[in-house]
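Good morning. I have one structure to go through today, so please look at the screen while I talk.

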Amino acid sequence: MTSPAPDLATNLRVATLRLSRRLRRELVSSCTESQYAVLAALVHVGPLSPGELAERERVQAPSMTRTVAALEEAGLVARTKHPTDGRGVVVTITDAGREVVAETKRRRNAWLNQALAGLSKDERDTVGRAAEILRRMTEG
């Protein structure tokens, strides 16, 4: 007797976790994935306050303060006075931080392109459609 096939949700969850774990190996810095997420946000959105970063990354303010401090110590971000609120600060990415993001993206895309090259055209088309659907599922 064969056991029933796992349901779609289980298969999708396991596959996305494994893919995410595999892509995390392509991080080119000693920074953590959480720190990388902050760097990527700063590249895509621009300078943000620590509070805005905490909200964006869905973490508590003290946790973001520690993350920003570690990134600043590594020379990947800089803190400057907020332009309109003298009590606040704004976090900006440095050139070194931009390089970490660019190289990590390059390595992750290279790995994905190599993996996709091993698929048939029909499989790549299916993955492309699935990527569009997954993006819609996770937006909003």
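This is a predicted model: local features need pLDDT of at least 70, side-chain atom pairs count only at pLDDT 80 or more; totals for chains, interfaces and linings use all residues.

Start with the fold. The protein chain contains 6 helices and 2 strands. If you read along the sequence, the order is α-α-α-α-β-β-α-α.

Next, the overall dimensions. Along its principal axes, the C-alpha trace of the protein chain spans about 70 × 30 × 25 Å. The radius of gyration of the protein chain is 19 Å, whereas a compact globule of 140 residues would have one near 14 Å.

Now the helix contacts. How do α2 and α5 pack, that is, at what angle? The angle is about 105 degrees, and the two axes are 9 Å apart. That makes α2 roughly perpendicular to α5, because angles of 65 to 115 degrees are put in that class. On the α2 side, the contact is made by Glu33, Tyr36, Leu39, Ala40, Val43 and His44. On the α5 side, you will find Gly97, Arg98, Val100, Val101, Thr104, Lys105 and Arg108. Sorted by class, this contact of α2 with α5 has 6 nonpolar, 3 polar and 4 charged residues.

α5 also packs with α1. Here the angle is about 130 degrees, with the axes 9 Å apart. α1 and α5 are therefore oblique to each other. From α1, the residues are Leu19, Arg22, Leu23 and Arg24, and they meet Arg108, Trp111 and Leu112 in α5. By class, the contact of α1 with α5 has 4 nonpolar and 3 charged residues, and no polar ones.

Rolling a probe the size of a water molecule over the atoms shows where empty space is left. The largest pocket has a volume of about 1,300 Å³. Which elements give two or more residues to its lining? They are α1 (8–24), α2 (33–45), α5 (95–117) and α6 (121–138). The largest share, 9 residues, comes from α1.

In total, 28 residues line the largest pocket, and Thr16, Leu19, Ser20, Leu23 and Leu134 lie nearest its centre. The lining divides into 15 nonpolar, 6 polar and 7 charged residues.

Methods
Residues are numbered from 1 along each chain as its sequence is written. Side-chain values use heavy atoms; hydrogens and water are left out. On a 1 Å grid over the protein atoms alone, a cavity is a set of points where a 1.4 Å probe fits but cannot get out, and a pocket is an open set with protein on both sides within 12 Å along at least five of seven lines; lining residues have an atom within 4 Å of a point. Grid points are joined across faces, edges and corners, and a volume is the space filled by probe spheres set on the points. Helices (H or I, at least four residues) and strands (E, at least two) are DSSP runs, numbered from the N terminus. Ala, Val, Leu, Ile, Met, Phe, Trp, Tyr, Cys and Pro count as nonpolar, Asp, Glu, Lys and Arg as charged, and the others, Gly among them, as polar. Axes are lines fitted to C-alpha atoms, for helices over the stretch in contact, and angles run from 0 to 180 degrees between N-to-C directions. Angles under 35 degrees count as roughly parallel, over 145 as roughly antiparallel, 65 to 115 as roughly perpendicular and the rest as oblique. Contact means heavy atoms within 4.5 Å. The radius of gyration is taken over C-alpha atoms; the globule rule is 2.2 Å times the number of residues to the power 0.38.
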